[in-house]
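My notes follow in the order I looked things up.

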Amino acid sequence: MYAIIKTGGKQYRAEVGSRLRVEKLEASPGDTLEFEALMLGGERIVFGTPTVPGARVVAEVVGHGKGKKVVVAKFKAKVQYRRKRGHRQPYTEILVKEIRA
């Protein structure tokens with residue numbers, strides 16, 4: 001069984017035992033979080049409008065970190081304009097413990 005959850009403006013497919021890197025959440029490692037399920041899948045698929053009533057995904061915060069560096073470069077020809085900037089997006093890693101349907 002799997003569930004589709006939404007956090008940080010993105011949607012993720014969650015299965016029991018899977019680790020997900022989601023947008024940074026204000027939670028300490030070891031905390032338990034609950035997410036509403038937008039969709040449940042398995043033998044029977046259930047769509048929510050917008051969420052499935054009573055369906056929850058329980059996850060534990062494993063830790064925080066930063067993603068790989070993304071380099072942003074700007075260049076304009078013939079005018080000596082060059083800019084280089086890097087960015088590392090913070091994330092929270094969660095471990096899916098249970099899907100309550």
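Predicted model: local features only at pLDDT ≥ 70, side-chain atom pairs only at ≥ 80, totals over all residues.

I started with lysine 10, which counts as partly exposed because its relative accessibility is 39%. My cut-offs: buried is under 20% relative accessible area, exposed is over 50%, and partly exposed is in between, with a 1.4 Å probe and protein chains only.

Residues are numbered from 1 along each chain as its sequence is written, and side-chain values use heavy atoms, with hydrogens and water left out.

**Salt bridges.** I searched the whole structure and got eight salt bridges, a salt bridge being a side-chain nitrogen of Lys or Arg within 4 Å of a carboxyl oxygen of Asp or Glu. Which residue does lysine 10 meet in a salt bridge? The partner is glutamate 23, at 2.4 Å from N to O. Glutamate 23 sits in strand β3 and lysine 10 in strand β2 (residues 10–15), so this pair ties together parts 13 residues apart in sequence. Strands here are DSSP runs of E with at least two residues, helices are runs of H or I with at least four, and numbering goes from the N terminus.

Next I checked arginine 56, which is partly exposed at a relative accessible area of 30%. Its side chain meets glutamate 34 in a salt bridge at 3.8 Å, N to O. That pair links distant parts of the chain, with glutamate 34 in strand β4 and arginine 56 in strand β6 (residues 56–66), 22 residues apart. Arginine 56 also has a salt bridge to glutamate 36, at 3.8 Å, N to O. Glutamate 36 lies in strand β4 and arginine 56 in strand β6, so these two tie together parts 20 residues apart in sequence. Through shared partners, salt bridges join Glu34, Glu36, Arg56, Glu98 and Arg100 into one network.

Lysine 24 lies in the loop between β3 (19–23) and β4 (32–41), and it counts as partly exposed because its relative accessibility is 48%.

Most residues other than glycine have a negative phi, and most peptide bonds are trans. Where is the cis peptide bond? I found it joining threonine 49 and proline 50, with omega about 0°. Proline 50 is in the loop between β5 (46–47) and β6.

Lysine 78 has a positive phi, near 70°, and sits in the loop between β7 (70–76) and β8 (81–87). Lysine 78 is exposed, at 85% relative accessible area. Glutamine 80 has a positive phi of about 55°, lies in the loop between β7 and β8, and is exposed at 69%.

**Overall build.** I counted zero helices and nine strands in the protein chain. Its radius of gyration is 18 Å, well over the 13 Å the globule rule gives for 101 residues, so the chain is more spread out than a compact globule. The radius is taken over C-alpha atoms, and the rule is 2.2 Å times the number of residues to the power 0.38. The C-alpha trace spans about 60 × 30 × 20 Å along its principal axes. Buried residues make up 33% of the 101.
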